[in-house]
Structures are given as C-alpha cells and as structure tokens.
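Come along and check each entry against the picture.

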Amino acid sequence: MQTRTRITLGLVVAILCLTIGVAAGWRYYNPAADQAGAEHLRLFREVVTIVRNSYVEEVGGKKLLEGAINGMLASLDPHSSYLPPEPFTEMKTEISGSFGGLGIEISMRDSKLTVVAPIEDTPAWRAGIQSGDHIWKIDDTPTRGLTITQAVKRMRGEAGTQVSLSVLRQGNGKPLVFPLVRDIIKTRSLKSRTLEPGYGYVRISQFQERTGDDFVAALAKLRSENGGSLKGLVLDLRNNPGGLLDAAVAVAGRFVGERLDNGLIVYTEGREHFAKRSYSATIGEKEPRYPVVVLINGGSASASEIVAGALQDHGRAVIMGTTSFGKGSVQTVVPLKDGAGLKLTTARYYTPKGRSIQARGIEPDIVVERAEFKELPDKGGAGFLEKDLDNHLSGAETDNGEKTPGPDATKAPAAPATPEHEADRDYQLRRALELLKGWDAMRKVAAAKR
C-alpha cells in the first residue's frame, strides 16, 4: 500500500512539474528548496495515505489524482479547470464551431452553476433558458458541488438523447423544468441584414475562427445593399459568451487604428512575462466613420466585452443596453499527457484606457433595460387620436370629391413579425435604431446651420 502511495504522489508531482514547465517563462518549482512547499506536500501525502487505507471503499489512484487536481483548481477561480481527454477534445471542437450538447455557456457565480448565455438557435435557446438562470439540477442530480467540467459532461451527450434541467430564475418562486433534447450544435458566428435603408445590423453570437473574415464580408454586403455606404450600424453582442481573442481583436480593429498611435484594443496583466501582452488593430482598410451602436447585456462576456470596451474607450461607438457579465480574465490552455488539458487563469484583461473588465463588466453609455411590447387595440398606431375628439374636423376632400382616407380606412393587415423585422418587437434594438436615425437628423441640422 505504501508503494502505491508513492506512485500516486509521483504522478501528482510529475503533472504539476509538467504543468508549470510547459509554457515558456514558467517558473520551475522545487519543493525541496522551499520548506513551506515541502510541508504542503507532506500534508497532501498524509491525506492520500489515510484515504487509501481507511476510506469505506477502495479508491483508484487515478480518481484520487484527478480529484486532487480538480479541487486545487476549483479553489482558485471558476474558470481554471482540468480537462480530461474527452472534454478537452470537445472544447477544441466547440471553438471550431461545431459540437454536441445543449448550447449553453456556463460559469460559477456565488458557488452556483449559472448560465452566462444560451447560444442562439440551440436547444437551450429555443426552450427559453436565459442569462442569469441558476441550473439547480441536471436530470435528478443537484449541481451543488459539481465543477463546471463535471456539469458540462452531464449536459453533453449524443444527439437525440434527452436531458432535463431544473432552473431557478429570479422572480420565479418555483424551479422551472426544461426537458431538452441534445443536438449537434452548429453555431453560426454571425448574421447580418439591413434594418432600414442605410442602417445595417450585425449580430455576433460567438467569436469563432472565421468571425473576423465573416464580419468583413457582412459589412461589405451591407454597404452593397445600401448604395455603397451606411448611415449607421447596430453591432449586437447581447448574450455573446465570448470565444477567441484574435477574432474579437479583428472585429474591433475594423473601427479603430487609423493611425499607428491609436490602435490598442486590449492588454493583459499577469505575474509572468508571457501574460503581459497588448493587442492592437492591424494596419489596413477601416470602416468609414459612420455612427455605431453596440448592444450588450448581462450575457455579454469575455471577448464581446473586449470589443465593447475598446470601441467605447476610443469613442467609436455608443454602448447601449445593460452592464455586461464581467469576465475579464485570461485562460491559458496547456496540453498535458494522454490528450488532457489544463485551463489556467493567467492574466486579467484591461481596456485601452486601463479599465479592468473582471467582475465589473462594461457599463453602457445609455442604459436600456430589456422590455417586451404588448399589443394594444388598433388606434392607427396611437392610443388617442384627433378623430376621437368630439366635433372634430373631417378629412380634406380630394379632387374627385372623395375624402382622404384616415386612420380608419381599410388597409392591408400588417405582416407578422419576422427576423427581418425584429426591431418591431425588440425594444433595445428599436432604441438603437432610433439613436442612429436621430444622429443622422442632427448631423443634417448642423450642416444646414453651417
């Protein structure tokens, strides 16, 4: 038994040394040279020995090893984790834009498994799961005590299989139960359309490998649809859980960096020299300086906060919506032996003006809460009109003696709301479009005065 204990400890030390020594510039940690470190390892060895000798059931060395690593990383922050080979492979697949599961970005908030954002057009999104929901149970298993890796493993599975999520939502006294069917999640990085002539809309749901190139193509298409130029753009980053940093830098870099001295988009600060980096826009073609409104909310995290913060600091866009999630930490992924991986927080993100995003988020310039439109009795678009007044004047007559049709005239029924007319029912998007149109109107007034 003692020999097996030594083997287990040897594996622990080997993996710790590999983890610390893989990346360039990482310090080699020698417990023998550090009395406190040696004492900690003796304590760990003592606990392992007691567990292996006295636990009610025999425990395998691998289970103890992974449990020790998971516990160590979970005590640091919610985003550091050990990824066994299968979850590590799934994570790399997810970044590429296709993976199996429910389509939820999750995190730990106050030790509770919390939804950062549902990914658009996935089982979770279609079922109505929302940012901020606390996942209480996965099937019949309470999530209390589960790591993010363990929770993800339970939610993922083969397409077509079922899983039930019990969710606690603010304002609801009882848990909400969502029976879901797993699917192959093929996320579209972005979509775009013209809201009204001259006004474009780009929705980025996640920053993936091709997001930067797709964004350039979407902007070119919007300009082409609108006579070669835009009066304004709405960039929608709501419920965008983040993704690849390089893609976020590419998106922000389309609007900033016209000069060599104004292209900083984000920088990081950490203990090691490799964690201290800055990311700037590349030199090249930029978007014309038309007005831009960026929409964010509590589901906007990480890479989406980097884009919003950069455009805000450079004065290149108005940020509208509600405060973002506040995930401003950098995770370095280190491949380990046997196909496993270590995701370790190594730095914090800062906006160009030195604002930390971590646990603070991006504050919008204009706060616009989420709201829902309710249908009112048809009064021609208003609740009280001139025609409702007693003794009101009738409409003027036309040349042929007929009266000009008023609000009560028969008209074609309004078309049902479609994605192309989302601004008709999305309050925050409508406000963004109104701001852009008001911006254009004020510009024309100023030009007329000159």
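**Entry 1: a pair of helices.** Before looking, I noted the rule for naming angles: under 35 degrees counts as roughly parallel, over 145 as roughly antiparallel, 65 to 115 as roughly perpendicular, and the rest as oblique. I also kept in mind that this is a predicted model.

I looked up helix H2 (residues 35–54) and helix H3 (residues 61–74), and found them packed at an angle of about 140°, with axes 12 Å apart. H2 and H3 are therefore oblique to each other. I noted as well that H2 passes H3 in a right-handed crossing.

Which residues of H2 and H3 meet? From H2, I listed Phe44, Val48, Val51 and Arg52, and they meet Gly61, Leu64 and Ala68 in H3. Sorted by class, this contact has five nonpolar residues, one polar and one charged.

**Entry 2: a covered helix.** Next I turned to helix H8 (residues 245–252) and asked how many of its eight residues are buried. The count is six, so I wrote H8 down as mostly covered, with buried meaning under 20% relative accessible area. The buried ones are Leu245, Ala247, Ala248, Val249, Val251 and Ala252.

Entry 3: I checked the length of helix H10 (residues 427–449): at 1.5 Å a residue, its 23 residues should span 33 Å, and its end C-alpha atoms are 33 Å apart, which agrees.

In H10, I found Gln428, Leu429, Ala432, Leu433, Leu436 and Asp440 buried. What do the buried residues of H10 pack against? I traced them to strands E10 (190–196), E11 (199–204), E12 (232–236), E15 (292–296) and E16 (318–321).

Technical notes: Residues numbered from 1 in each chain as written. Predicted model: local features only at pLDDT ≥ 70, side-chain atom pairs only at ≥ 80, totals over all residues. Heavy atoms only, no water. Axes fitted to C-alpha atoms, helices over the stretch in contact; angles between N-to-C directions. Helix = DSSP H or I, 4+ residues; strand = E, 2+ residues; numbered from the N terminus. Left-handed = near helix turned anticlockwise from the far one by under 90°. Contact = heavy atoms within 4.5 Å. Nonpolar A, V, L, I, M, F, W, Y, C, P; charged D, E, K, R; others polar. Buried < 20%, exposed > 50% of the residue type's maximum accessible area, 1.4 Å probe, protein only. Expected span 1.5 Å × (residues − 1).
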